[in-house]
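Student: I have a new structure on the screen. Could you show me how to read it, step by step?

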Amino acid sequence: MKGRKGLLLVLSLLVLCFVIAACAMKPLDGAQGTYDFVQENMSIISNTTYDYQFILDGHGVGEYIHKGSNHKVKYEYDSATHSINIKDTMTGIKYNGTLSESGELHIYDGNPNGTLVSEFFYQRR
């Protein structure tokens with residue numbers, strides 16, 4: 001009888017921990033998904049052949065698959081204005097732009113009016 005009470009207490013504590021953990025999680029921000037590269041535009045080049053990808057988790061972190069390596073990223077997404085800011089934590093490059101409700105991710109790797117700035121277009125799967 002004593003062993004059963006102990007087991008019941010441990011199981012109750014585990015359930016309580018799971019409930020607390022579930023309540024503590026941030027809700028998804030609307031940016032979650034896998035975004036495949038479509039096109040890069042720059043003042044002197046345009047490219048559609050890269051095999052790049054952003055994978056965003058909906059909680060402000062993700063991965064950027066770029067030239068055969070995985071980069072960790074942090075991002076902030078404002079669903080009201082559809083603005084997104086992504087930082088590649090490996091290179092320090094900051095991307096900013098928009099993410100539409102239809103899953104079109106348009107980002108720049110600098111000031112959009114800059115001379116050597118690239119505009120990237122990705123599409124959510």
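Tutor: Start with accessible area, which comes from the Shrake-Rupley method with a 1.4 Å probe. This is a predicted model, so keep that in mind throughout. The protein chain exposes about 8,300 Å². Carbon and sulfur atoms supply 60% of that area.

Student: What share of the residues of the protein chain counts as buried?

Tutor: A residue is buried when its relative accessible area is under 20%. Of the 125 residues, 26% count as buried.

Student: How many helices and strands does the protein chain have?

Tutor: There is one helix, and there are nine strands.

Student: Which strands does β1 pair with?

Tutor: Look for bridges between strands. β1 covers residues 33–41 and is joined to β3, residues 53–56, by four bridges. The two run antiparallel. Within that pair, D36 stands opposite Q53. Six bridges join β1 to β9, residues 119–124, again in the antiparallel sense. There, Y35 stands opposite R124. β1 also pairs with β2, residues 46–47, over two antiparallel bridges.

Student: How many residues join β1 to β2 in their hairpin?

Tutor: Four residues link the two strands. Across the pair, E40 has N47 as its bridge partner.

Student: Why does N47 count as buried?

Tutor: Compare its value with the cut-off. N47 has 15% relative accessibility, so it counts as buried. N47 lies in strand β2. Its side chain reaches the backbone nitrogen of T49 at 2.6 Å. Leaving out residues up to four places away in sequence, N47 touches F37, V38, Q39 and E40.

Student: Which residues of β4 are on its covered face, and which on its uncovered one?

Tutor: Take the residues of the strand, 61–66, and sort them by face. G62, Y64 and H66 form the covered face. V61, E63 and I65 form the uncovered one.

Student: Which residues have the most contacts inside the largest nonpolar core?

Tutor: Here is the general idea: in soluble globular proteins, nonpolar side chains tend to be buried together. In this model, the largest nonpolar core has 18 residues. F54, I84, L105, I107 and Y122 have the most contacts inside it. At least two residues of this core come from each of β1, β3, β5, β6, β7, β8 and β9. The largest share, three residues, comes from β5.

Student: What does F54 touch?

Tutor: Not counting residues up to four places away in sequence, F54 touches G33, T34, Y35, E63, Y64, V73, I86, Y95, L105, I107 and Y122.

Student: What share of the contacts in the protein chain joins residues 24 or more positions apart?

Tutor: Take the contacts with a separation of 6 or more. Residues 24 or more positions apart account for 32% of those.

Conventions. Residues numbered from 1 in each chain as written. Predicted model: local features only at pLDDT ≥ 70, side-chain atom pairs only at ≥ 80, totals over all residues. Heavy atoms only, no water. Pairing = 2+ DSSP bridges. Buried < 20%, exposed > 50% of the residue type's maximum accessible area, 1.4 Å probe, protein only. Contact = heavy atoms within 4.5 Å. Polar contact = N/O pair within 3.5 Å; in protein donor to acceptor, adjacent residues only side chain to side chain. Core = buried A, V, L, I, M, F, W, Y, C linked by side-chain atoms within 4.5 Å.
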